[in-house]
Amino acid sequence: MDPHEKTELVVQGIPASKGIAYGQVFLYLQSELEVPRYTVDAGKRAGEVARFERALVTTRQQIAQVQAQVKKNLSEEEALIFDAHQMVLEDQALISETIRLFETSGLNIETCFHDVAQRYIEAFAQIDDEYLRERATDIKDVTGRVLRVLLGQAALNLSELVEKRVIVAKDISPSEAASIDSSAALGIVTDGGSRTSHAVIVARSMKIPAVVGLRSLTSKVKDGDWMIVDGYDGLVILNPSQGTLLRYGKIQDDKKFFESRLMTANELPAQTLDGVHVTLRANIERPEEVGLVQQYRGEGVGLYRTEYLFLNSPSIPDEEVQYAAYRKIVEGLAPAIVTIRTLDVGGDKPLPGDPHLIGPEANPFLGFRAIRMCLENPELFKTQLRAILRASAHGKVELMYPMISGVDELDRANQLLAEARVELKLRNLPFDDKMRVGTMIEIPSAALVAEALAEKCQFFSIGTNDLIQYTLAIDRGNNRIAHLYEPAHPAVLRLIKQVVDVAKSLQIKVSVCGEMAGDPIYAPLLLGLGVDELSMSPPLMPAVKFLIRNTKFADARKLADEAMQFTDPKKTYALLEKFYNERATVE
Ligand code: PEP
Ligand code: MG
C-alpha cells in the first residue's frame, strides 16, 4: 500500500531506545487471559494443590529455557532479568497466600492464584519508583506463564515475526521481548511501558529504536500500516508524508553523525577549552553496572544506591552479602573512588523484605525514610557500615549518608560509624582508616546549615532530585505537577550556591549527583557555580563531556553569575538553553 494515500498522524510517547526506524507495522495484540472461576469438589482438593505445584515446576523450566536463549542471543547481563522471574516463583508469600485462599474459598487454584497475583501486581504498579513499578511487569509476566500452564495454553512469544517489521503492542513482557528475532524487528512501540521496562532494556541491547508510553496507539494502527519510529524524540509517525520521510532521512544521518562524534569525544579527557578538568563519576544501582562505568569512562562512582540490593532481596541482606556486593564494585573499579551511599529506603522506595520496618505512612516522602530509619535501627545500620568499611580495604571507598537534615543526625550517624570501626577492629578485620565520609545535601535545612555540617564530614554531594522536591514542595514522581518541578528555580539555585560557597570556603569537595548533573543544559551552570564533580548515569556522560569540552570555564562562571540574577525560572532556562545550543554543534 502506498503510505501517501492515508493522512499522517504524529503521536508523542517516551523515547526509550535511540535510533530511527521506518517500516510496516506488525500489530501484536495478545488476547487477555480468561481464567475460569468455579468451586472444586471436596474430593478433588488435594489434586488442585499438586496441580499448582507441578505448574510452578514447569514454569520454572520454561523460564530457565528462555534465560539460556537470552544468554546465548544477548548477554549474561540481560539474562539476569529472568533471575528476578525465578524469584517471583520462589516467593513464599505469593504461594502460601494462594494456598490459603484456596483452602478458605474452595475456588479453583487458577482463580486463587490469579486473585492473589493481581493484588501484588496492583500494589507494585502504584509505587512511585519506575524501577520498582517494573516489578509489577515481572510478576504479571511470570503469573501469566503459570496460569497458561495451568490452563493448558501455549506460552506467548513473538517468534512468529519473520519479516522485517515494526512491532506495535500494548505491552511486551520480558519473555516476549526475549523471543524477538533482532534481525526481524525494525522497531518496538508500545502503549504502556517506561524507560526501564525490560522490553526496552532488550531493545536497547539489540540497538532497536523504541518508543513507549503511547497510550492508545494500538487502537489507531492496522497491521501493515507504514510507520516511522523516532527513538530520539519519542515520536511515532503513522503513514508519513513524502516530506516527512525526506526530513527523517536527514535527521537520521545527522543524529548518527552527532552520536559517533559524542562517543569519539568521550574517549578524551573531560576538560574545558581553558584547561579545567571536571571529574565525571557514575551513578549506579547494581554491582553488574561496573562494566558500564568502564565503557563510558566514568572516573569511578559518585553515587551507589545501595538500597537496590535490599529492594531486590526477599529479606534484609546480611553483612557478608553486602560486603560481597560492595567489594565487587570497589575491586572492579580500583583505584578509582566508589562513593557508597547508605540505605535510602522509604519515600518512593518501600522495603519489600520487611514491611513492618517502615509501615504505611500518610506522607512517606516526609516520613520514616533513609537515615531516620537507620538511626532508629542501629544494628541494621551498623551491619551496613561494617560491610562498607570492609569493602574499603579493597580499593578507594567514600561513604555518604542520605537525607541528613541537620547536625544531630550527622553526629549520631558518625557515632555509629565509630562503633562499627571498633567492632571490626575487635574482629581483626581490615578497613581503610582514612575512608572519607560525606553528607548528601538534599533537604533545604541541610543546605541552610551546611557550614555546621561541613565541620563534621569530608565532602558534600548535592542530591538535586530531592532538594528540588523539598524546596518547591513538588512530589518528584507526580506527573500532574511535573511542569512545576523546576531545577532552574531561583530558590533551588540559591541553595546550591550556598552549599558550594560553604564547601569552597571550608575546602571540602562538593559534587552533584542528582539528575541535574547529567543534563548538558544544567552541567555548565553547576560548574560555573564551583561544583567539583558531576555524577550521572553512565550513558549520559558523552553528552555532558562533549559540552564541557566545548565550553570555557570562564564562560561557565559568567553564565552562573548571570543566572543568579534572574528570578523567573523560564528566563534562566532560556539562558542555559542558549548557552547549550551555541556549543552543542559539530562540524
Ligand atoms: C537525589 O535526591 O538527587 C539523589 C541523587 O538521590 P535519589 O535520586 O536516590 O533520591
Ligand atoms: Mg535523594
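## Strand 12 and its neighbours

Strand 12, spanning residues 396–401, is mostly covered, with five of its six residues buried. Keep in mind as you look around that this is a predicted model. On one flank, strand 12 runs parallel to strand 11 (residues 337–341), and five bridges join the two. Within this pairing, isoleucine 340 stands opposite leucine 399.

Strand 12 also pairs with strand 13 (residues 436–441), again in the parallel sense, over four bridges. Here tyrosine 401 has threonine 439 of strand 13 as its bridge partner. To get from strand 12 to strand 13, the chain passes through helix 16 (residues 407–426), and this β-α-β crossover is right-handed.

Which residue meets glutamate 398 in a salt bridge? The partner is lysine 509, at 2.9 Å from N to O. Glutamate 398 belongs to strand 12 and lysine 509 to strand 15 (residues 509–512), so the pair ties together parts that are 111 residues apart in sequence.

Are these two side chains' residues buried or exposed? Lysine 509 has a relative accessible area of 13%, so it counts as buried. Glutamate 398 is buried too, with 2% relative accessibility.

The whole structure holds 37 salt bridges. One of them joins glutamate 319 to arginine 427, with the closest N and O atoms 2.9 Å apart. Because glutamate 319 lies in helix 12 (residues 319–333) and arginine 427 in the loop between helix 16 and strand 13, this pair ties together parts that are 108 residues apart in sequence. Glutamate 319 is buried at 8% relative accessibility, whereas arginine 427 is partly exposed at 40%. Both residues belong to a network of salt bridges that also includes Glu320, Glu379, Lys382, Arg386, Arg390, Glu419 and Glu423.

Another salt bridge links glutamate 267 with arginine 297, the closest N and O atoms being 2.8 Å apart. Glutamate 267 sits in the loop between helix 9 and strand 9, and arginine 297 in the loop between helix 10 (290–295) and strand 10 (301–305), so the contact ties together parts that are 30 residues apart in sequence. Glutamate 267 is partly exposed, with a relative accessible area of 45%, and arginine 297 is partly exposed as well, at 42%.

Now for a sheet of eight strands: it is open, its pairing is mixed, and the strand order is 1-8-7-3-4-5-6-2. Strand 1 (9–12) and strand 2 (14–17) each have a single partner strand, so one side of each is left without a neighbour in the sheet. From one strand to the next, the twist averages 30 degrees.

Valine 11 stands opposite valine 236 of strand 8.

## Two helices to visit

Helix 22 (residues 541–549) is largely enclosed by the rest of the structure, because seven of its nine residues are buried. These are Met541, Pro542, Val544, Lys545, Phe546, Leu547 and Ile548. They pack against helix 9 (242–266), strand 9 (279–284), helix 21 (523–529), strand 16 (533–536) and helix 24 (569–583).

Phenylalanine 82 is found in helix 3 (residues 81–89). Phenylalanine 82 has a relative accessible area of 1%, so it counts as buried. Arginine 60 is 22 residues away from phenylalanine 82 in sequence and 10.0 Å away in space, C-alpha to C-alpha.

Methods. Residues are numbered from 1 along each chain as its sequence is written. Chains are lettered from A and ligands numbered from 1 in the order in which they are written. This is a predicted model: local features need pLDDT of at least 70, side-chain atom pairs count only at pLDDT 80 or more; totals for chains, interfaces and linings use all residues. Side-chain values use heavy atoms; hydrogens and water are left out. Buried means under 20% relative accessible area, exposed over 50%, partly exposed in between (1.4 Å probe, protein chains only). Contact means heavy atoms within 4.5 Å. Two strands pair if DSSP finds at least two bridges between them. Axes are lines fitted to C-alpha atoms, for helices over the stretch in contact, and angles run from 0 to 180 degrees between N-to-C directions. A crossover is right-handed if, with the strands pointing away from the viewer, the path from the first strand over the helix to the second runs clockwise. A salt bridge is a side-chain nitrogen of Lys or Arg within 4 Å of a carboxyl oxygen of Asp or Glu.
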